[in-house]
Amino acid sequence: MKKQGYYTSGQFAKMAQVSVRTIRFYDQQNILKPSYVNETGVRFYTDEDFVRLQQILLLKYLGLSLKEIRDVTVSDTDSDMLLNSLDMQLKLVKDRIEQLELVEKAIGNTVTALKNEKQIDWKQMLHLIHLTNMETSLKSQYQDATNISSRIRLHHLYSTNPEGWFQWIYRQCAITSGMRILEIGCGDGTLWTQNMSKIPSDISILLSDSSNGMLWDAKRKISNDDVRFTFEQFDCHQIPYDDACFDFVIANHVLFYCEDIGEVCSEVSRVLKPDGIFLCSAYGPNHMMEISRLVTDFDSRIILSAKKLYEQFGIQNGTQILSSHFPAISFTPYEDTLVVTKAEDLIEYILSCHGNQNQYILERYKDFRTFVEQKTRKGFSITKEAGIFLCKK
């Protein structure tokens with residue numbers, strides 16, 4: 001018997017202009033399960049399923065694998081989750097357009113050179129190959145940028161400290177006119193977009209990241225007409241600038257990701273002017289610990305992070321690591337807690353983490369959502385243990 005508001009596989013496939021075989025394949029791959037299966041095994045789908053199918057088809061068109069699609073989409077009808085998903089897709093579309101424009105220009109230049117010079121510019125051809133092969137790295141960079149935005153969003157919505165993390169960091173910088181500033185690992189540029197009205201007009205700020213995806217997000221948020229900002233991709237283990245050329249260097253939640261923290265600190269010290277300042281943030285073992293407990297209570301196999309990053313560089317060992325490169329170091333804690341009242345926002349944060357959570361959550365998403373809703377009903381309190389080191393050269 002067909003339920004009201006439900007479509008059979010055939011009707012659903014016709015609506016989406018795909019084959020029934022495609023619908024069945026997505027069911028088998030646990031990417032799109034039917035909302036209802038009757039006693040005879042007939043599968044039925046809803047309008048919410050149709051929205052999800054559109055998302056899947058778009059991500060497939062943009063080149064994501066089935067595993068990637070499974071990891072970056074969840075079966076949910078909440079408007080906030082849907083809005084975040086659409087925003088995520090829009091960013092990837094824009095990135096793809098930019099990539100194709102670069103490829104178009106490179107092909108045009110190569111064709112022109114062949115016509116005019118009758119010989120192949122192998123350097124240009126190599127550049128074209130690199131551009132064409134950007135797609136794989138583009139997807140991973142896009143996902144990294146999206147994950148960072150998801151984590152920032154939870155703090156923005158539920159921090160009990162009225163002065164947000166990025167506003168607080170900016171105040172600690174004590175930025176003045178005429179400074180030349182470098183931020184390594186700038187992410188999507190949130191430190192600056194949230195403090196734009198406070199930034200002096202006669203200042204030079206170089207935003208850098210190892211990920212083009214991050215820089216593209218930062219460029220979109222900061223106007224191209226803003227002459228205070230420049231953007232450059234490079235690895236902070238080798239900063240491509242002369243000695244003593246920056247007044248201030250910022251590394252917000254960056255050092256614990258670096259393979260050789262000592263080498264990065266040496267590079268930062270090298271490019272700082274005499275009496276220049278290095279600001280770097282860190283957190284401790286209690287930071288966000290309630291979230292780890294929550295997911296392991298749901299499934300003991302879940303690990304949100306394979307590495308304890310605070311052991312790489314954290315509040316407890318930061319001074320010792322930095323003292324080899326800077327003579328004067330001080331630490332200032334950021335006093336804050338989170339009280340999360342909406343399950344969807346906490347789930348989005350959890351799915352953005354670096355661990356194995358998607359492997360165990362996505363296939364049981366409805367159960368997990370119910371579990372988190374129970375935890376957040378009266379407000380879910382989360383410890384924050386973070387702060388900044390200020391290092392003087």
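Predicted model: local features only at pLDDT ≥ 70, side-chain atom pairs only at ≥ 80, totals over all residues.
Next, a helix pair. Two packed helices are described by the angle between their axes and the distance between the axes. Take helix α12, residues 289-298, and helix α15, residues 343-351. Their axes come within 12 Å and cross at roughly 90 degrees. Angles of 65 to 115 degrees count as roughly perpendicular. Helices α12 and α15 are therefore roughly perpendicular to each other. Helix α12 brings Ile291, Leu294 and Val295 to the contact. Helix α15 brings Leu346, Tyr349 and Ile350.

Now the charged side chains. Side chains of opposite charge can pair when their charged atoms come close. Here, a salt bridge requires a side-chain nitrogen of Lys or Arg within 4 Å of a carboxyl oxygen of Asp or Glu. By this rule the model has 16 salt bridges.

One of them joins arginine 43 to aspartate 27, with the closest N and O atoms 2.6 Å apart. This pair links distant parts of the chain, as the two residues are 16 residues apart. Arginine 43 sits in strand β3, residues 43-45. Aspartate 27 belongs to helix α2, residues 20-28. Are the two partners buried or partly exposed? Arginine 43 has a relative accessible area of 36%, so this residue is partly exposed. Aspartate 27 has 5% relative accessibility and therefore counts as buried. The cut-off for buried is under 20%.

The side chains of arginine 171 and glutamate 163 meet at 2.8 Å, N to O. Arginine 171 is partly exposed, at 49% relative accessible area. Glutamate 163 has 25% relative accessibility, so this residue counts as partly exposed. Arginine 228 and aspartate 226 also form a salt bridge, at 2.8 Å from N to O. Both arginine 228 and aspartate 226 are buried.

Methods:
Residues numbered from 1 in each chain as written. Heavy atoms only, no water. Axes fitted to C-alpha atoms, helices over the stretch in contact; angles between N-to-C directions. Helix = DSSP H or I, 4+ residues; strand = E, 2+ residues; numbered from the N terminus. Parallel < 35°, antiparallel > 145°, perpendicular 65-115°, else oblique. Contact = heavy atoms within 4.5 Å. Buried < 20%, exposed > 50% of the residue type's maximum accessible area, 1.4 Å probe, protein only.
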